[in-house]
Amino acid sequence: VTGASGKPAKPLPQIAPDMAPFFDAARRHELCVQRCAGCGTLRFPARAICSRCLGREATWAPMSGRGSVFSYTVMHQAGHPGFAAEVPYAVVVIELEEGVRLLSNLVDCPLEDVRIGLPVEVVFDDVTPEVTLPKFRPRR
Amino acid sequence: MSRHPLRGAAAIAGLGLTPQGKVYGNSAVGFAVDAVQLALDDAGLVRTDLDGLLLNPGLTWGDMGMGSFQLQQAMGLRDLRLSATMNIGGATAAAMIQHAAQAIATGLCTTVACVFSDAPLKPPAPRGDKQSSGAAYAFARGWEQAYGYYGVNAMYALVARRHMHRYGTTQDHLGQIAVAQRRWANLNPAAQLHDQPLTLDEYHRSRWIAEPFHLYDCCLVSNGGCAVIVTSAERARAARKPPVYLWGMAQGHLGGDPADTLASGAVVAKEPAFAMAGVTLADLDVVELYDCYTFTVLVTLEDYGFCKKGDGGPFVAEHVTGPGARLALNTGGGQLSSFYMWGMTPVSEAIIQLRGEGGARQADRYDVALVSGNGGVLSTHSTLVLSRLAS
């Protein structure tokens, strides 16, 4: 698969049914994570069973989209040809104000500015008409 | 204090280690068969002496759920009384030895082969193919691939970065571990990087993989097999090689998020293993810690209490400078510099040291050894305390 530039396209997410609501919300430019209907625990990625109360029922809750960088790594090897032109790039774990953590990427942030604690807010990257990826940018 | 019934009940009588690294033309099953045969030869035993088989299948065994039976059939083993395919990642090797010892001590069987093998490396492509030969380890999962999050390197890197943030661990600290282990490997003719010296400066200049990991923070990838024969202490004394007695053993699996705990399961496993063995840190002559990354060694040193939690960095900078240093740590070069057989790498080196077979890298004192195994991202942990002394 090649992108418009002729370069290999980045892989699209393989969306299992339990993660579909996350990407459905992203397409609407909303950030939602799963919330246990029993005990209210937020969890990401989606899981069938709450590890706290063992409840099976869950809803999807809208998040503020604000948080900070909890950890990060700068990837220097392309695990997929679509990332070959991108390296080095950062993969980050964002801790949202609500306390739940998400794996993501930063935009509008040079690598040298990436640090633990950096305040960020969600942005939505419409990769294709069907797929939108929530990402984060530094909050000013 | 009463002696634990498992202490010294079983022993390792044989070690089989195939050639390691870029060894082609053999399959994972083939390496396993070779390793078991080598271990039997080492012990002076034959196939029909085996009545137990435990297998830790490497990645290239695939998803087949009955690997130990596949290996039994491949070797023509009959009338086994113990068989299991086990996988708690790099903690499996020491855990297999624990299960074998329990089965032997309770009379379920007498002589067990514990086996790991893998063959992820492919021969170099004829031309131009830059595909990493360790591609089997470069997996991405589902939606994560869209964010460019690939492989175990990145998973560990996120945890290591937290440790650096919380405790002030530096790149130099990680580098000290890589350099020290390479110096051991330079004394180990069987090490894949035996002929390649490494300075701290070269470590810093080596290419990044996933920051904060340079190339030399990450373990090797190896084709090969390793097997260990566990039997009763009494039978082991009749074997060809000196017995390596199992003094203490335990497991510890923390659960939760390693980015929060920043700890290995040693915090759970250490106390029961040391209590069973009747040892303290001061009794350990040789220490073989699981080292998928330099960072793993640093954390594991903390969790066994060699230093205070969080002080792993300054500790390695002072005390872990390789051969001749106070701590005989990862004396074969480990998975960073010798070969990558998951938990069998530290197990095999401990056996070699306790037999006094370390050659140029032999530790001065070698009565008691500590071995750790670690699987996933600090997810699973196993501990062995081994000795060349019966009690």
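## A tour of chains A and B

Start on the surface of chain B. Select B:Met64, B:Met66 and B:Phe69: together they make a nonpolar surface patch with about 290 Å² of accessible area. (A patch takes residues with over 30% relative accessible area and no salt bridge, joining like charges within 9 Å and nonpolar side chains, namely Val, Leu, Ile, Met, Phe, Trp and Tyr, within 5 Å. Areas come from the Shrake-Rupley method with a 1.4 Å probe, and for residues only the protein chains shown count as cover.) B:Met66 sits in the loop between strand 2 (52–57) and helix 2 (67–75) of chain B. (Helices, H or I of at least four residues, and strands, E of at least two, are DSSP runs numbered from the N terminus.)

Before moving on, note that this is a predicted model, where local features need pLDDT of at least 70, side-chain atom pairs count only at pLDDT 80 or more, and totals for chains, interfaces and linings use all residues. Residues are numbered from 1 along each chain as its sequence is written, chains are lettered from A and ligands numbered from 1 in the order in which they are written, and side-chain values use heavy atoms, leaving out hydrogens and water.

**Stop 1: helix 10 of chain B**

Select residues 294–303 of chain B. How many of the residues of helix 10 are buried? The count is 10 of the 10, so the helix is largely enclosed by the rest of the structure. (Buried means under 20% relative accessible area, exposed over 50%, and partly exposed in between, with a 1.4 Å probe and protein chains only.) Among the buried residues are B:Phe295, B:Val297, B:Leu298 and B:Leu301, and also B:Glu302 and B:Asp303. After the helix comes B:Gly305, with a positive phi near 90 degrees.

**Stop 2: B:Asn330**

Select B:Asn330, in the loop between helix 11 (312–319) and helix 12 (334–337) of chain B. B:Asn330 counts as buried because its relative accessibility is 1%. Its side chain makes a polar contact of 2.8 Å with the side chain of B:Gln181. (A polar contact is a pair of N or O atoms within 3.5 Å; within protein, one must be able to donate a hydrogen and the other to accept it, and residues adjacent in sequence count only if both atoms are side-chain atoms.) The B:Asn330 side chain also reaches the backbone nitrogen of B:Leu289, at 2.6 Å. Residues that B:Asn330 touches include B:Trp184, B:Asp291 and B:Val297, leaving aside residues up to four places away in sequence. (Contact means heavy atoms within 4.5 Å.) B:Val297 belongs to the buried residues of helix 10.

**Stop 3: A:Thr132**

Switch to chain A and select A:Thr132, in strand 8 (residues 132–138). A:Thr132 is buried, at a relative accessible area of 2%. A polar contact of 2.6 Å links its side chain to that of A:Asp126. Show the surroundings: A:Thr132 touches A:Phe23, A:Arg27, A:His29 and A:Phe124, among others, not counting residues up to four places away in sequence.

**Stop 4: salt bridges**

The whole structure holds 20 salt bridges over all chains. (A salt bridge is a side-chain nitrogen of Lys or Arg within 4 Å of a carboxyl oxygen of Asp or Glu.)

Select A:Glu86 and A:Lys10, whose side chains form a salt bridge at 2.9 Å, N to O. A:Glu86 lies in the loop between strand 4 (66–75) and strand 5 (89–96) and A:Lys10 in the segment before helix 1 (20–27), so the pair ties together parts of chain A that are 76 residues apart in sequence. A:Glu86 is partly exposed at 36%; A:Lys10 is partly exposed at 33%.

Now center on B:Asp42. Its side chain meets that of B:Lys241 in a salt bridge of 2.6 Å, N to O. B:Lys241 is in the loop between helix 7 (233–237) and strand 8 (244–251) of chain B and B:Asp42 in helix 1 (residues 28–43), so this pair ties together parts 199 residues apart in sequence. B:Lys241 is partly exposed, at 23% relative accessibility, whereas B:Asp42 is buried, at 12%.

B:Asp42 also has a salt bridge to B:Arg355, at 2.8 Å, N to O. B:Arg355 lies in the loop between helix 13 (344–354) and strand 10 (368–375) of chain B, 313 residues from B:Asp42. B:Arg355 is buried, at 10% relative accessibility.

Finally, select A:Glu95, A:Arg101, B:Asp257 and B:Asp260. Salt bridges with shared partners join these residues into one network.

**Last stop: cysteines**

How many disulfides are found over all chains? The search finds 0. (A disulfide is a pair of cysteine sulfur atoms within 2.5 Å.) For A:Cys39, the nearest cysteine sulfur is that of A:Cys50, 3.7 Å away. A:Cys39 is partly exposed, at 28% relative accessibility. For B:Cys114, the nearest cysteine sulfur is that of B:Cys109, 9.5 Å away. B:Cys114 is buried, at 0% relative accessibility.
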